[in-house]
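Please keep the sequence and the structure in view while reading.

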Amino acid sequence: MSSTAPPLPTRPRLADHAAPRRHFIDGEEVVVVHDMRTGDLVRMPPRAWALVQAADGTRDLGGLMLAASQSGELRRTSEIVSVLTDLQAAGMLTDGIDPFAREPGEAAIGPETPLDVLPFRLTCDGSGACCATYSTVRFTEAEAERARVLVPEAQGGRGRVFLPLAGSGAQASVAATAIDGACAFLAGDGACEIHKGHGLAAKPSGCAIYPATFVFDGERVRVSLGVECGCVARSVGREEGVPLVAEGAVTRADLPEGAQIVAIPEVVEIATGLTAPREEVVRWSRAAMRLPVGGDAVAILWALAAAVEKGDLSEAGVNAALSVERPPSAEALAPWVEAVAARTAEKRDSADRWRSARDRVRVGSQRLAEAAAHLREPGALDRLLAANSSEAAKHGVDAGLERFYVTASLHGHALIGDVPLAHALRDRAVRILLARALGERAAGAGGAETERVSRDREEALPLVEAMMRAQGVKEYARLVPQ
């Protein structure tokens, strides 16, 4: 162990933000422990994982060595010390068990709590893109056992093994093995083996519910969705498809089993050092959802951020922001562009080091890094900011999808949590610009419109959103001074 390495915990366990995942990359098995806060990771061979999986906070180093020895895995003491040291250096170990890990949340959300459902119907194309983008496909223990029974030979039997969802030890939910970045239960044609053979009811609840989100705002459970799948983009404005929740669902009791409801805290940080009561933020979001039909999403988000940063959550402040037509300057955007370029380049390099060339995340990481670099090219940012309606398609702008994205984010309170509200608003403006850059690159200098170009542009914003959340790209926003 290096003299500069942090000391190991007395009774080590994986921290709750450490998510171990089993991958097969071009046929080779590896375990990757992801830091869910930062998107960073530690790779290890299956043998190393076998040495540390007993690190649940109840055993000291001697106990871990005994457990590994009894399982026949331990050859040298230095093996387990080395892998624990790597995890500790990455900030993914903690000491002892968490006595509050199983405690229920403080605020109970009653079954009669009314729902506020975003009007939307989804048509899924069955491509399986969403099943090949996320580091985690979540199963309950019961769902995992059912999958093993129903589809025992998924990916040649490699799908039978599940790892803890987060941290160490026994828990209610587990994560599926990934094959070249895709869920082990995803067939070669993009269809879910479980769904195809045994129906929707046999799927894990999280997969069946996706992409719906559920947030309790102190009054209602708002049902919205993340714009993280090309199917969402293609479903905007259409009347066919499946609603986010069953027709006639009006209260929490009507939500599907497995719906994970997030509660907004009673006090929300709206700017650095500035907070507001939850009910005031809820009123603000309702007003902000009244987006003008012809308004530019980037300009509106930036103007809303400026008002929120001053502590103005009033309806008058919202109305003034919604009427803004001038987008932010390239100078104001510069630190954001530099931060997103640095983060996407870092994620591309990381993906290149360990992911398969067939991995959708590796391809997506490369595309995002190229788009962020495109924003830094002379004239590109000004061009993407100034694109008018007649030039929109040529410059990668899908104004209708952008406005829907803003509405869905506001309705689902997706801007509350990671960073102050004003910072989150600007972050979403930058995400839209990154998607525009992807669209412009797809069209090329001549702006030629083909079916492939149209689809690439349609999927640009969903790709940005999926990579932001699922692969830790969103951490770029923390690099921008607040």
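## Cysteines

Cys207 is partly exposed, with a relative accessible area of 27%; here, buried means under 20% relative accessible area, exposed means over 50%, and partly exposed lies in between (1.4 Å probe, protein chains only). The model is predicted, so local features need pLDDT of at least 70 and side-chain atom pairs count only at pLDDT 80 or more, whereas totals for chains, interfaces and linings use all residues. Residues are numbered from 1 along each chain as its sequence is written, and side-chain values use heavy atoms, with hydrogens and water left out.

A disulfide is a covalent bond between the sulfur atoms of two cysteines. In this report the term is applied to a pair of cysteine sulfur atoms within 2.5 Å. How many disulfides does a search of the whole structure find? The search finds zero. Cys192 is in no disulfide, and the nearest cysteine sulfur, belonging to Cys131, is 6.5 Å away. Cys192 counts as buried, because its relative accessibility is 17%. For Cys207, the closest cysteine sulfur is also found in Cys131; the distance is 6.1 Å, which is too far for a bond.

## Salt bridges

Side chains of opposite charge can pair when their charged atoms come close. A salt bridge is defined as a side-chain nitrogen of Lys or Arg within 4 Å of a carboxyl oxygen of Asp or Glu. By this rule, the count comes to 33 salt bridges.

One of them joins Glu79 to Arg47, with the closest N and O atoms 3.1 Å apart. This pair links distant parts of the chain: Glu79 belongs to helix α3 (residues 77–89) and Arg47 to helix α1 (residues 46–52), 32 residues apart. Helices (H or I, at least four residues) and strands (E, at least two) are DSSP runs, numbered from the N terminus.

Arg286 is partly exposed, with a relative accessible area of 32%, and Glu219 is partly exposed at 38%. Elsewhere, salt bridges that share partners join Asp125, Arg234, Glu458 and Glu459 into one network.

Strand β14 is mostly covered, as five of its five residues are buried. Val221, Val223 and Leu225 point one way from the strand, and Arg222 and Ser224 point the other way. Arg222 forms a salt bridge with Asp217, the closest N and O atoms being 3.1 Å apart. Both Arg222 and Asp217 are buried.

Two strands pair if DSSP finds at least two bridges between them. Which way do β13 and β14 run, parallel or antiparallel? They run antiparallel and are joined by five bridges; within this pairing, Phe216 has Val221 as its bridge partner. The two strands form a hairpin with four residues between them, and Gly218 in the turn has a positive phi of about 95 degrees. Strand β6 (residues 115–117) runs parallel to β14, and three bridges join the two. In that pairing, Val117 stands opposite Val223.
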